[in-house]
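Subject: Structure handover

Hello,

The sequence and structure are below. Please look through them first, then read the notes that follow.

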Amino acid sequence: MKRPEVQERFVNHDAELPYGLEVPQVVNAIESFYEYWHEVNEWHLEEGYGRFHEQFRANNAIGGFVSHRLTTRFAEESPDFVLNRLDDGYPDLLYDGTDHEWPDNYAVKDSDNGPGLEVKASMGNTFYAHHNVEGWLLGIHYRINARSEFPTEDAPAPDDTPPIEVTQVLCASMDHEDW
C-alpha cells in the first residue's frame, strides 16, 4: 500500500497561524499522522481486517479520529499548546504561551477560560460542530481513497493509492456570523 505524504507544492509557507503555530509544525503533524495511518493499515491488511477506514461504521467517526490524532500531534509539535483533557472540551488545544492561568488539570469546557485553537476534521468541504466555535478554528479536510477491486486504466491499483489524504488545512478566527 502506498504511504501518503505531504505534497510540498501545496504547502503555503506564508500562511499566518495563531499563537505562534508554524507551518512546519502543521506539516510535521500531518506527516506523523500519515505514518501512523500507514502502519495501522499495513497491520490491518496483514491480519486480514481490510483497510483501516473500513473498521469505522460512520464517516463522522473517522473525522473525530483524524481530528483527535492531529490535535494530539499539534500539541506535541508546539510547546505553547496543551491538549484539552476534557472530552468535547473547547478549545481542543489550550494556548499556554501567555501568563494566563489554566486549571491544573487542563480540562476546560469552553473558551471563556482563555485562548486556544479548536481543531475539526471533515471528509467533505464543510465543518459541522456541536458547538459553533467563536475563536480560532483549524479545519482539516481529508479524502478517503476507497480501493477498487476492479482497477481500470483510469483508476490506479489499490496498492498504488494512499488510503487517506489531507486535501486542505484552513485556519481562521471565527465568530457566530461566520457559521
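Tyr95 is buried, because its relative accessible area is 11%; buried means under 20%, exposed over 50%, and partly exposed in between, using a 1.4 Å probe and protein chains only. This residue belongs to strand β2. The C-alpha atoms of Tyr95 and Gly116 are 4.8 Å apart, although 21 residues separate the two along the chain.

On the source: this is a predicted model, in which local features need pLDDT of at least 70 and side-chain atom pairs count only at pLDDT 80 or more, while totals for chains, interfaces and linings use all residues. Residues are numbered from 1 along each chain as its sequence is written, and side-chain values use heavy atoms, leaving out hydrogens and water.

The sheet. Helices (H or I, at least four residues) and strands (E, at least two) are DSSP runs, numbered from the N terminus. Five strands make an open sheet of mixed pairing, in the order β1-β2-β3-β4-β5; two strands pair if DSSP finds at least two bridges between them. β1 (81–83) and β5 (164–174) are at the edges with a single partner strand each, so one side of each has no neighbour in the sheet. β4 (residues 135–144) pairs with β5 in the antiparallel sense over 10 bridges, and Gly139 stands opposite Leu170 in β5.

The core. A nonpolar core is a set of buried Ala, Val, Leu, Ile, Met, Phe, Trp, Tyr and Cys residues joined through side-chain atoms within 4.5 Å. The largest one has 26 residues, and Trp37, Val66, Leu70, Phe74 and Ile140 have the most contacts inside it. Among the elements that give two or more residues to this core are α2 (59–77) and β3 (116–122), but α1 gives the most, with seven.

Aromatic rings. Rings of Phe, Tyr and Trp (its six-membered ring) pair if their centres lie within 6.5 Å; planes under 30 degrees apart count as stacked, over 60 as edge-to-face and the rest as tilted. By this rule there are 10 aromatic pairs. Tyr19 and Phe81 form an edge-to-face pair, because their ring centres are 6.1 Å apart and their planes are at 85°. Tyr19 lies in the segment before α1 and Phe81 in strand β1, so the pair ties together parts 62 residues apart in sequence. Phe81 is buried, at 3% relative accessible area, whereas Tyr19 is partly exposed, at 22%. One aromatic cluster is formed by Phe33, Tyr34, Tyr36, Trp37, Phe52 and Phe65.

Regards
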